[in-house]
Amino acid sequence: TGFEFMTVIHLDAVLPRYPVWEPSFRLRVLDSDDKDAFLAEGRVSLVEYIPWIKQGKGKQAVEAKDEYEPVDPKHDDGIQVSDAEDEGRASYISVEVNEGSLKIGFIRKDTKSFPPIIADVAADSEARRAGLKRGDWLVGIKMPQDEEEKPVAHWNPAQASQWVDTCDKQQARPVQMRFRRTDKAEIFVRLQSGQDTGLEFVTDANARPPKISKDTSADKIWKRQGIGPGWRIIDINGIDTKSMNVKDPSFTNLLAKRPVIVTCRAHGVGVGVTEEQNIQLSKPVMLSGVPPRVVKEFEHMMKHQDGAMAYTTVPRPSLVLPQVTETKQLNMYTARGATMDVRGVVRHIIKGDADEDDTRSRPSVPGRLEANMESCVFTRVNLKNGPHEVGHLKVVYRVICPSDKDWVKKLKDPAHPDRMLFDETNFRRHYKHDQPLQLRIR
C-alpha cells in the first residue's frame with residue numbers, strides 16, 4: 001500500500017557552526033484523524049550539507065569504520081611515535097594592505113589570553129585571499145614609518161583589535177602583517193617582564209631547533225604546561241627558530257626579550273600515518289613487534305592478488321571464465337568496486353586471426369555499469385515505530401545557504417533539474433500526470 005504526497009516544502013533551518021551532535025531533520029507520520037497519534041518517523045542526516053564543513057569530512061566523522069586511511073595527509077593530526085624527526089606543519093603567512101580597511105577581527109574585550117588570535121576574516125579582504133582563517137596568530141606588523149617588523153605575538157586580542165581600529169581610522173598604508181598558523185601538537189608559554197626563563201638546554205651544536213634538557217624554574221611553569229626533556233623550541237614571538245641551535249646569538253637574544261611567547265613542540269609528535277608507517281618500515285622491528293619484511297611481503301601479495309580491491313571493505317569476487325569457443329556468451333571484467341562489468345564484447349575466433357577484429361562486436365562502453373546509469377534522484381528514508389520498520393518515504397532535498405525560499409525561481413538555466421524537482425507544479429506533472437498509469441507513483 002502506498003500514499004502519494006507529491007509536495008514541495010521550503011523550510012528554514014539553523015545549522016550549528018561547530019556541531020557537537022550530528023544535525024538531522026525528522027519526518028514524522030501522524031494519524032490524519034488524530035494529529036497527536038504518532039505512527040512512525042524517519043531521519044535524514046544533514047552533516048554532509050553543512051556549507052562550512054569540507055566535503056567528506058562530516059560523513060567520515062559520524063560513520064563507524066573498522067580502519068580509517070587519511071583522506072588528506074596534509075591535514076592529518078597523526079599519532080605519536082618514538083623516533084621520528086618531525087618539524088611540524090606550522091606556517092607563516094604575510095599580508096600587505098595598500099588601501100581600504102584591514103577587515104580582520106579580534107575579540108575586543110579579551111585582555112587575558114595570548115597571543116592575538118584571529119576571530120573573523122572578511123570574505124573580500126586581502127587576508128582571506130592570502131589564505132588566512134580563524135585561529136591564526138598575528139605575530140608581526142610593519143607600519144609605513146617602521147624600518148623593521150615589530151613583533152606582536154605577546155599582545156592580547158584587545159590590543160590587536162585596538163591597533164586595527166587605529167590603522168583604519170588613520171588610513172596608514174601600506175600595512176604589512178605576518179601571521180602564524182600553528183600545529184595542534186604545539187604548546188606555548190608566555191614569560192612576563194622580569195621572569196626568568198628557567199630552562200637548561202642540550203649543548204649539542206647539531207640539535208636544531210634548540211632542545212630542552214631540564215626545567216629549572218622555581219614554579220615549574222614548563223612542566224605544568226606538559227613540556228619536558230626532549231621538547232624543542234620552534235618559535236619565539238613569531239620568529240622561526242627551527243634553523244637555530246642553543247649557541248646561536250639570535251636565539252639567545254630572542255629568548256631574553258620580555259614579554260615573550262615561546263612555542264614548543266615535542267620531538268616526534270604529529271607524524272602522519274603514512275609517514276609514521278614508512279619510518280617504522282625502515283627499522284628492524286616495528287612498534288607492533290612485527291618485522292617490516294613480513295609486512296612488505298604481505299602487502300606485495302595482496303596487491304598482486306586483489307589489485308585495486310586490496311584493503312577495501314568489499315568481498316573478494318570469484319572470477320568465472322566463459323567458454324572461449326562460445327560466441328554467444330558475454331565476457332565479464334572485474335571492476336574496481338568488486339562489480340562485474342558487462343561489456344558485451346563478442347568476438348568470432350573461427351577464422352584464425354579474425355578474433356582480433358572488433359568490427360562485428362556489439363557496441364560497448366568503457367567503465368563500470370553504474371557509471372553509465374542514471375543516478376538515483378530520491379533518497380529512501382525508513383519509517384520506524386520503536387525498533388520496528390513500518391514503511392519508508394522517498395524524498396529529495398537540498399540545503400541552501402543562506403536561506404532563500406525563492407531560490408528555485410532564481411535558477412537561470414530553464415533546464416536545471418532542480419526546477420522540476422522543487423517546483424510543485426512541475427514536480428507533480430513530471431512524476432504523476434506525465435507518467436503512464438501503470439508506472440505512476442502510488
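**Aromatic pairs and charges over rings**

With a relative accessible area of 2%, phenylalanine 251 is buried (under 20%; exposed is over 50% and partly exposed in between, with a 1.4 Å probe and protein chains only). The model is predicted, so local features need pLDDT of at least 70 and side-chain atom pairs count only at pLDDT 80 or more, while totals for chains, interfaces and linings use all residues. Residues are numbered from 1 along each chain as its sequence is written, and side-chain values use heavy atoms, leaving out hydrogens and water.

Six aromatic pairs are found in the structure (ring centres of Phe, Tyr or the six-membered ring of Trp within 6.5 Å; planes under 30 degrees apart are stacked, over 60 edge-to-face, the rest tilted). One of them joins phenylalanine 201 to phenylalanine 251 edge-to-face, at 5.6 Å centre to centre and 85° between the planes. This pair links distant parts of the chain, 50 residues apart: phenylalanine 201 belongs to strand S10 (residues 199-201) and phenylalanine 251 to helix H5 (residues 249-256) (DSSP runs numbered from the N terminus, helices H or I of at least four residues, strands E of at least two). Phenylalanine 201 is also buried, at 17% relative accessible area.

Phenylalanine 378 and phenylalanine 427 make a tilted pair, with 6.3 Å between centres and 45° between planes. Here too distant parts of the chain are linked, 49 residues apart: phenylalanine 378 lies in the loop between strand S16 (340-342) and strand S17 (379-385), and phenylalanine 427 in helix H9 (residues 424-433). Phenylalanine 378 is partly exposed at 23%, whereas phenylalanine 427 is buried at 8%.

Turning to charges, arginine 190 lies over the face of phenylalanine 114, 3.5 Å from the ring centre (NZ of Lys or CZ of Arg within 6 Å of the centre and within 35 degrees of the ring normal). The charged end of arginine 180 sits over the ring of tryptophan 137, 5.8 Å from its centre.
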